[in-house]
Amino acid sequence: MDTIKFNSEVHEVFYKEMLLRSNRSDVYYQAFFYCMGICDTTRNHIEDLFDFEEGGIKSEQLHQPFQTGTSYKVTRMAFNLWNDYVEEGAESLTTPSSLFACEYAAEFHQAIKLRFPEYHNRELDCAKKSLFEFDKKI
């Protein structure tokens, strides 16, 4: 995969620290901690949203008073990438048109690439093939 793009140094440090703390670095953890590191609110409340002892999300903590409109989106994206979590009765809040309508859309794309690298490596192959075909026509 290409180099991971972070939105700040704090985001990058958080991501690396959380992977070390969890002692895991599979695609689930990478995507989750990348997402949770996107904004201050989710970074500051990682203990409320992730169980480090059990190694899982705390979905029951989604509606805590600290959440903002944007941090809800970040949390929902992270939870969904973790285990396909969708809140019952609020399914429409996890659709692409709902989640990506925020300032962190580019970061969400990066998180998806981390979670599903097998599909995004194909992007490079397609781009190379397209360029090769273009060169042949010239």
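Start by selecting W82. At 11% relative accessibility, W82 counts as buried, because the cut-off for that label is under 20%. Keep in mind as you click around that this is a predicted model.

Is Y29 buried or exposed? With a relative accessibility of 7%, Y29 is buried too.

Stay on these two side chains and look at how their rings meet. A pair of aromatic rings is described by the distance of the centres and the angle of the planes. For Y29 and W82, the centres are 4.9 Å apart and the planes stand at 80 degrees, so this is an edge-to-face pair.

Next, move along α2 to F32 and select F50 with it. These two rings make a tilted pair, with 5.0 Å from centre to centre and 40 degrees between the planes. F32 is in helix α2 while F50 is in strand β1 (residues 50-51), so this pair ties together parts 18 residues apart in sequence. Both F32 and F50 are buried.

Which residues do ring pairs link into a cluster? Pick Y29, F32, F33, F50, F52, F79, W82 and Y85 and you have them on screen. Across the model, the count of aromatic pairs is 17.

While F52 is showing, bring in R21. The charged end of R21 sits over the F52 ring, 3.7 Å from the ring centre.

To see what makes the contact, show Y28, Y29, A31, F32, C35 and M36 on the α2 side. On the α5 side, show V74, T75, M77, A78, F79, L81 and W82.

Stay with α5 and go to S71, which is found in that helix. How accessible is S71, and what does it touch? S71 comes out at 0% relative accessibility, so it is buried. Leaving out neighbours within four places in sequence, S71 is in contact with C39, T41, T42 and F66.

Finally, zoom out to the whole protein chain. You can trace 8 helices and 2 strands, running α-α-α-α-β-β-α-α-α-α from the N terminus. Colour by burial and you'll find buried residues making up 38% of the 138 in the chain. Switch to the surface and you're looking at about 8,300 Å² of accessible area, with 51% of it belonging to carbon and sulfur atoms. As for contacts between residues at least 6 apart in sequence, 56% join residues at least 24 apart.

Conventions. Residues are numbered from 1 along each chain as its sequence is written. This is a predicted model: local features need pLDDT of at least 70, side-chain atom pairs count only at pLDDT 80 or more; totals for chains, interfaces and linings use all residues. Side-chain values use heavy atoms; hydrogens and water are left out. Rings of Phe, Tyr and Trp (its six-membered ring) pair if their centres lie within 6.5 Å; planes under 30 degrees apart count as stacked, over 60 as edge-to-face and the rest as tilted. Buried means under 20% relative accessible area, exposed over 50%, partly exposed in between (1.4 Å probe, protein chains only). Helices (H or I, at least four residues) and strands (E, at least two) are DSSP runs, numbered from the N terminus. A charge sits over a ring if NZ of Lys or CZ of Arg is within 6 Å of the ring centre and within 35 degrees of the ring normal. Contact means heavy atoms within 4.5 Å. Accessible areas come from the Shrake-Rupley method with a 1.4 Å probe; for residues, only the protein chains shown count as cover.
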